[in-house]
Amino acid sequence: MDVSQYLEIFIDETTEHLQDLSQHLLILEEEPENADTINEIFRAAHSLKGMAGTMGFKRMQHLTHMMENVFSEIRNGKVAVNSDLVDILFSCLEALEDYLATIQQTSDEGTEDNEDIIKRLNSFLDGGTAPKKAEKPAQKPEEKPADAPKDATNQNVKQNIKFEEFEINAIKDALDKQINVYRIDVKVDESCVLKAARAFLVFKAIEELGEVIKSDPSAQDIEDEKFDFEFCVICVSAESIDKVTKAVENVSEIKEVKSSQITEVPKEQPEEQAQETPAEAVTEKKEEKKAETTAVATAKTEKAPAKADAGKKAPAKPGKAVVSRSVRVDIEKLDVLINLVSELIIAKNGLVSASNSSDGYNSQAFNEQIEYLERVTTNLHESVMKVRMMPIETVTQKYPKMIRDLTKKLNKQMKLYITGEDTELDRTVIDEIGDPLMHLLRNSADHGLESEEVRIARGKDPVGNIYLNAYQDGNSVVIEVKDDGNGIDVEKVRDKALEKGTITPEQAEVMTDKDIIDLLFRPSFSTAKVVSDVSGRGVGLDVVKTKIEALGGNIDVETKLTEGSCFRVRLPLTLAIIQALMVELGNEKYAISLDTIQTIEDISADDIKYVQSKEVINLRGTVIPIIRLDSILDIEPVEKEDDEDNNLTVIIISKGDKLAGLVVDRLIGQQEIVIKSLGKYINNNSKVISGATILGDGEVALILDANTLV
Amino acid sequence: MDETNKLETLTNQYIVVNLGSEQYGIDIKYIDNIVRLQKITRVPKVQSFFKGVINLRGEIVPVMSIRKRFDLEDDVYTDKTRIIVIKPDQQEKIAILVDSVKEVVSLEEDDIEKVHSDGKDEMNKYITSVGKNQGGLISLLNINGIIEMQ
């Protein structure tokens, strides 16, 4: 048994709890008296602490423990919430996020102790809870042994254990050799999530000091979580009973540890077992986590190094230190999948029976079954894709806190409104979209929103508004980052571009406002006069654009000077399946993503004009360059039966504002296709072919990436 | 147990294929599948020795022409032409085109001779040793050299 198998769960859950914390902290700042929120926060901090402890991440545990103390004081009304406190708590969150990031990479928490944060937390506690502190040390578990005999009557709660012969022999041996034999009863906290992991840590702690002879339930059952909240361990150890007990108690979320020394060899009859005299070196300690004071915490850290070593061993052992990617799936979605698979089997059986009795007149039943099969597979397909989908909420959750930080940093009042958090996107997109969106939000906060004075002078609300809206639009998802700030000053951008030499004065003359705004997406172009650490280093919009295009999406801007701007990101719903238009070129079939297609035109060859010796057409007032796909793709010309009408089929595609017309021989039709990669061997430098797909008849068709052609 | 292990290390099985008048051997451990010629979809703008891709039971597999890789004459498809699907250790599948598949032979280590390499000839990367079988010579293909793309 090994804690590393829990690492994934740990990371997932910790991320969730951290997000919870951050959300509730924001609410707390607004409504310092909100008891529900405080309780939520307390719970999240408590779980975090417990989980970190289980995994042996001592530093993380210590920090969360301190936070928990603070929350406990808040809950008891001993400390008032103010903005300073929230600041400290947010810096705690950041520290925790750092720990988590380190753990994710190395499966170890690193060595950062975050002393100053802990110090600040401590000083808060000192300030707010001086009288409380004095009375609490009495409850310190370390000082409890004095009370122990009183509780010793609890002894009879223990169940008896059946010993096997070899186990009795082992105990006998140990007793003969004057080695201590202990019985340790452990009760795990009822709120504990990973019981087996706790038990494992208990075993580990004991094994460091001695040897486990027997456990009840068996080690296998404990590992499989086949126990309630109690288990019992018989061990031999040369160490004193106190030391063993303490080692077990150090495992967090252990509610109770009872230990006793066994001095007589047990008989095979279980009844004889109960004979260990209660008076005999019985120590019992109760650990009420919630009552722990800061004093306990400091006492604990001193013990930490020894244990931290023990904790480190576990994650370092296995080869795969880095966590694999996983998707948490809603049970409902899985249920749908299971239902569909069973339907699939039914449909298959139907087909089998239809084919067995396949006389001519049965072909109708056959067709019906095929239609049924088709329906099921389509649904199955959709459901499987849905499993990969995650709500965008998972990335947007961290933004309110970021905006709050920026409010302080930039000294601007602003508010963030988020809508459509439940819009779902493919997991791969979700993973990548966080940073670009953050860039856009920072951009709005820093460049978009005016300073308070300017806003007042313009008759706007001094508090700036930033909106993050997500919604589904057909086969894509749109995410808008909008602000009611200054908007983009096209003239300023033009001047800047001239000054930087990005464009020549002649170019500047003919460029439309839209073209100028597009300059913002060029590498190393920033109009901020002052470089702040928020944005303005000239790496931003171009990175955003590259990233979004890598995800198969695009970005555009709408802006009005003094009224604000809106960055609109459009992303494909999923990366694996697209709606495509199938076309024929010579004898080959190609697929073009429908997303890029504007219209399909039938154009007479005579309409083609030449501009700078390039072919263009004038389509309803727009001049569009013509691209001959057959020559780009080196397609062997086929004998055409006399082109009686002399017409060309042209597919008008767009990339942002740019249009182009692709000449194809024939249209086949629209089809939903599954994208497959061409693999790593084929050197696809030109990037014209973005993948392949398998058609209904088993033939392979290549997918054209129209974006590379425009 | 030791005995059998020894045997396995000493004899290797090779699939013997024909390219023109020459015989080439491919270590059987790399071979995933041998299929008849099927429609190969040309992929534009790629290395000239790639004939295209095929659909191998729902999987897209690139097809390489060994002839073109070796700078021989281009393939002529006949009903003996076979596509050999190769799965190198832990890597993606790749298929190669051969004129025909002849037989499977077992070669003992003594029957295999290393080809002297002067480091100049490209072919040395593709063929590292020659096997002797019943008087005939079989050039043994170095799969890793063949699938390595610069």
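Predicted model: local features only at pLDDT ≥ 70, side-chain atom pairs only at ≥ 80, totals over all residues.
Chain A holds 710 residues, and 34% of them count as buried. Its secondary structure comprises 22 helices and 23 strands. Of the contacts in chain A between residues at least 6 apart in sequence, 70% join residues at least 24 apart.

Helix H1 of chain A covers residues 7-30, and helix H2 of chain A covers residues 35-55. Their axes come within 9 Å and cross at roughly 155°. Angles over 145 degrees count as roughly antiparallel. H1(A) and H2(A) are therefore roughly antiparallel to each other. Their crossing is left-handed. On the H1(A) side, the contact is formed by Phe10(A), Glu13(A), Thr14(A), His17(A), Asp20(A), Leu21(A), His24(A), Leu25(A), Ile27(A) and Leu28(A). H2(A) contributes Thr37(A), Ile38(A), Glu40(A), Ile41(A), Ala44(A), Ala45(A), Ser47(A), Leu48(A), Met51(A) and Met55(A). By class, the residues of this contact are 12 nonpolar, 5 polar and 3 charged.

H2(A) also packs against helix H3 of chain A, which spans residues 58-75. Here the axes lie 8 Å apart, at an angle of about 155°. That angle makes H2(A) roughly antiparallel to H3(A). The crossing of H2(A) with H3(A) is left-handed. From H2(A), the contact draws on Ile38(A), Ile41(A), Phe42(A), Ala45(A), His46(A), Leu48(A), Lys49(A), Ala52(A) and Gly53(A). The H3(A) side is made up of Met60(A), Gln61(A), Thr64(A), His65(A), Met67(A), Glu68(A), Phe71(A), Ser72(A), Ile74(A) and Arg75(A). This contact of H2(A) with H3(A) has 10 nonpolar, 6 polar and 3 charged residues. Ile38(A), Ile41(A), Ala45(A) and Leu48(A) of H2(A) take part in the contact with H1(A) and also in the contact with H3(A).

Chain A also touches chain B. The contact takes 20 residues from chain A and 19 residues from chain B. In chain B, strand S4 (50-56) and strand S5 (59-65) each supply at least two residues of the side that touches chain A. S4(B) gives the most to that side, with 4 residues. The residues of the chain B side divide into 11 nonpolar, 4 polar and 4 charged.

Terms used: Residues numbered from 1 in each chain as written. Chains lettered and ligands numbered in written order. Axes fitted to C-alpha atoms, helices over the stretch in contact; angles between N-to-C directions. Parallel < 35°, antiparallel > 145°, perpendicular 65-115°, else oblique. Left-handed = near helix turned anticlockwise from the far one by under 90°. Contact = placed C-beta atoms within 7 Å. Nonpolar A, V, L, I, M, F, W, Y, C, P; charged D, E, K, R; others polar. Buried ≥ 20, exposed ≤ 12 C-beta atoms within 10 Å, placed from the backbone.
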